[in-house]
2 protein chains.
Amino acid sequence: MSTDIDARATDTLDGTGLIVWFTGLSGAGKTTISEAVRTELLARHLRVEVLDGDAVRKDLSKDLGFTRAGRDENIRRIGYVAGLLARNGVIVLVSAISPYRAGREEIRQRFGRFVEVFVNAPLDVCVERDPKGLYKKARAGLLMNLTGVDDPYEPPISPEVECCTDRESVEDSVTKVLSAVLPLT
Amino acid sequence: MSTDIDARATDTLDGTGLIVWFTGLSGAGKTTISEAVRTELLARHLRVEVLDGDAVRKDLSKDLGFTRAGRDENIRRIGYVAGLLARNGVIVLVSAISPYRAGREEIRQRFGRFVEVFVNAPLDVCVERDPKGLYKKARAGLLMNLTGVDDPYEPPISPEVECCTDRESVEDSVTKVLSAVLPLT
């Protein structure tokens, strides 16, 4: 009758599922780390799904823009899908800028088994890397509402993991994430 | 990097997952049958998730209306979520009017393991039942674009299962669905 996650969580919850939420600026390294973590988890025969913020936008949120309301709704939808997967035993690696603390906290509160990974690099390092060319576009006036440039980013206050990708290797970051995730599986 | 389902299907596909898609008019019996099927599958210790069209709209498609474009996009989103769950070993029972043949076929083509259940009852029987009061509202001019009334319904041409709910019991319908689903699990 209903897909309300909370009401049914106890029916089918598979204890191994959880949400690992990678938040940070564009270029901070979310995709790189989450993909490497995915490889490690698959090698351990765990069920893993990556939900990438940009990719999911195409599938679930074509209608939404990059205003606060649009971003909040997009994160809410990703959280809904991540929750459905996690309660069925999947380790869900969400990789999304997700700039607002309240949106991330809402998902943590709703689902419980939630590991927040703050992928942290100084803005100037992200601008230097600029893997998607977004900072260049913003500088040229071709892109508005870019997080860290003319849109806010609210860093986590006490994330389970913080990866300082300007100072540590991808391997270091992956090890940190696995240390937080594997005991929960 | 991407959540493209097709590209990754072979990575994590758990052979037991599939999509069971209940289509039919409002009041035909989709929710009743899918809930009863859910109970039977849970009793067999299978992982099951019900995605109800109305409930999912609240979570994923608040923005969408009931035009053809709005309905198509809603069905596409449900299909995307169902596919993510199914490829992780979940039996996903989708209960949605899903009036357009092309939308249902798109999901069948994309995911392969797809059982279409045509929940079939004559319109006058559905109007008589009217569990959500929608037909009454439409008659009073308070609701537009109601499938079967002033919006089209395209019945499946060769569904895996057809439940004629005006002539068979819920138990009969459930037995039919299980006969099609269980051999695939």
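Chain B can be laid on chain A with an RMSD of 0.0 Å, using a turn of 180 degrees and a shift of 0.0 Å along the axis. That is the relation of a two-fold axis. Please keep in mind as you read on that this is a predicted model.

How do the copies meet? They meet through the same surface, because 100% of the interface residues of chain B are also interface residues in chain A.

## Confidence in the model

The scores for the model are ipTM 0.85 and pTM 0.88. Chain A has an average pLDDT of 90, and 92% of its residues score at least 70.

One stretch of chain A calls for some care. Over residues 1-12 of chain A, pLDDT stays under 50, and the model has 22 contacts beyond four places in sequence for this stretch. Where pLDDT is low, the predicted coordinates should not be read in detail.

## The interface seen from chain B

The contact draws 24 residues from chain B and 25 residues from chain A. On the chain B side, helix 2, strand 2, helix 3 (53-60) and helix 4 (68-86) each supply at least two of the residues that touch chain A. Sorted by class, that side of chain B has 12 nonpolar, 5 polar and 7 charged residues.

## Helix 2 of chain B

Which residues of helix 2 of chain B are buried? They are B:K30, B:T31, B:T32, B:I33, B:S34, B:V37, B:R38 and B:L41. An α-helix has 3.6 residues a turn, so residues three or four places apart point the same way.

## The strands of chain B

Let us start with strand 2 of chain B, where 5 of its 5 residues are buried. Both of its faces are covered, with B:V48, B:V50 and B:D52 buried on one side and B:E49 and B:L51 buried on the other. Strand 2 of chain B pairs with strand 3 of chain B in the parallel sense over 5 bridges, and B:V48 stands opposite B:I91 in strand 3.

Strand 4 of chain B is largely enclosed by the rest of the structure, because 6 of its 7 residues are buried. It pairs with strand 1 of chain B in the parallel sense over 5 bridges, and B:T23 stands opposite B:F118 in strand 4. Strand 4 of chain B also pairs with strand 5 of chain B, in the parallel sense over 4 bridges; here B:N120 stands opposite B:C164 in strand 5.

Leaving aside neighbours within four places in sequence, B:V177 is in contact with B:V20, B:I33, B:V37, B:V117 and B:V161. For a contrast in distance, take B:M144: it is 33 residues from B:V177 along the chain, and their C-alpha atoms are separated by 32 Å.

Most residues other than glycine have a negative phi. Two residues of chain A are worth a look with that in mind.

A:D130 is not a glycine, yet has a positive phi of about 40 degrees. A:D130 sits in the loop between helix 6 (123-129) and helix 7 (134-139) of chain A, and is partly exposed, with 15 other C-beta atoms within 10 Å. A:N145, also a residue other than glycine, has a positive phi near 55 degrees. A:N145 lies in the loop between helix 7 and strand 5 (161-164) of chain A. With 14 C-beta neighbours inside 10 Å, A:N145 counts as partly exposed.

Methods
Residues are numbered from 1 along each chain as its sequence is written. Chains are lettered from A and ligands numbered from 1 in the order in which they are written. This is a predicted model: local features need pLDDT of at least 70, side-chain atom pairs count only at pLDDT 80 or more; totals for chains, interfaces and linings use all residues. A residue is buried if 20 or more other C-beta atoms lie within 10 Å of its own, exposed if 12 or fewer, and partly exposed in between; C-beta atoms are placed from the backbone. Two residues are in contact if their C-beta atoms, placed from the backbone, lie within 7 Å. Ala, Val, Leu, Ile, Met, Phe, Trp, Tyr, Cys and Pro count as nonpolar, Asp, Glu, Lys and Arg as charged, and the others, Gly among them, as polar. Copies are superposed by least squares on the C-alpha atoms of residues with pLDDT of at least 70 in both. pLDDT is the predictor's confidence in each residue, from 0 to 100. Two strands pair if DSSP finds at least two bridges between them.
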